[in-house]
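Please open the structure in the viewer and keep the sequence at hand.

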Amino acid sequence: SPDFQARTQALLRDCLRESEKETQKMNFSKPKKLAVLLAAAVALLAVSVSAALFLTPADVAARLEDDPLAAAFQSDDAVALNETAASGDYTFTLLGMVSGEDLSALPAEYNGETVRDRTYAVFTVARTDGTPLTEQPNLSYSPLVAGYHVSAVNGWTLGATCQSFVEDGVAYYLFDTQNLEMFADHTVYFAIYEGSVPDPALFPTAEDGTISLAEGVTGALFTLPLDAEKADPAAAEAFVQSTGLEFISGGEAVGPENDAALREN
């Protein structure tokens, strides 16, 4: 309810007054104790409101009639993220992710082959001013990997798919792509943005390979917490070579035929 925070803070003050009657020694002053308790209350409120505001990743999978994936999002292998970023008119929230083989009732196909080893991520888009959405905004979404050209490793080359729906004014997305754990020894990003296929104009790459979102582009660039022990450099290298755009030179993608010259530089 609108006055929930005020009522909670009042209750905390009452509890504090009661606790002052006890003869307990503390390492900080009364005003600081009140500030600490109120700060804790606000943090708890933020988490509670966020949890109440959105469906869970398992709920989203269930809404899309993928019960096996809903179960996977409730397993110990799933990672709860709940990371939020605001840009332009929108607030983006990356709720959670899970990776593995045969997690979904609907395995994806890419280039005529079934790809069962996938990474799944659930995110939301809402209007920052609270105006309910009635349809999905015109956005793109893609993984990106530091050290690789954004044209070589992205949602298009990784055979990504996405399902979405709008509920209670919030757009929900279930995104899946070829398993990203093979890149886990690199920084792996998840981008939600206004634009088309990733290119250096949208995602500038620094000399050390780190990727950023171009200034003025509406969107968010989240970092995925992948387990580095699950990295498969050989598989990652084979995938990147298959794109024909393996290396970065001065911000430009070059093919394997230029490998020797690049390494000399």
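Which residue in β8 is the bridge partner of F123? Select Y173, for this is the bridge partner of F123 in β8. The model is a predicted one, in which local features need pLDDT of at least 70, side-chain atom pairs count only at pLDDT 80 or more, and totals for chains, interfaces and linings use all residues. Residues are numbered from 1 along each chain as its sequence is written, and side-chain values use heavy atoms, with hydrogens and water left out.

Strands here are DSSP runs (E, at least two residues), numbered from the N terminus, and two of them pair if DSSP finds at least two bridges between them.

Next, display the open sheet of five strands, ordered β1-β2-β5-β8-β7 with antiparallel pairing. Its edge strands are β1 (79-87) and β7 (161-167), each of which pairs on one side only. From one strand to the next, the twist averages 20 degrees; the axes are lines fitted to C-alpha atoms, and angles run from 0 to 180 degrees between N-to-C directions.

Select V166, which stands opposite A171 in β8. The hairpin of β7 and β8 has two residues between the strands, and D168 takes a positive phi near 55 degrees there.

**The three-stranded sheet**

Turn to the open sheet of three strands, which has the order β6-β9-β10 and antiparallel pairing. At its edges are β6 (140-145) and β10 (219-223), each pairing on one side only. Select β6 together with strand β9 (residues 188-193): six bridges pair them in the antiparallel sense. Within β9, A191 is the bridge partner of S142.

**The second largest pocket**

Finally, select D77, V79, M97, V98, S99, E181, P225, L226, D227 and K230, which line the second largest pocket. A pocket is an open set of points on a 1 Å grid over the protein atoms alone, where a 1.4 Å probe fits, with protein on both sides within 12 Å along at least five of seven lines; lining residues have an atom within 4 Å of a point. Its volume is about 170 Å³, taken as the space filled by probe spheres set on the points. Strand β2 (residues 90-101) gives the most to this lining, with three residues.

Conventions: Helix = DSSP H or I, 4+ residues; strand = E, 2+ residues; numbered from the N terminus.
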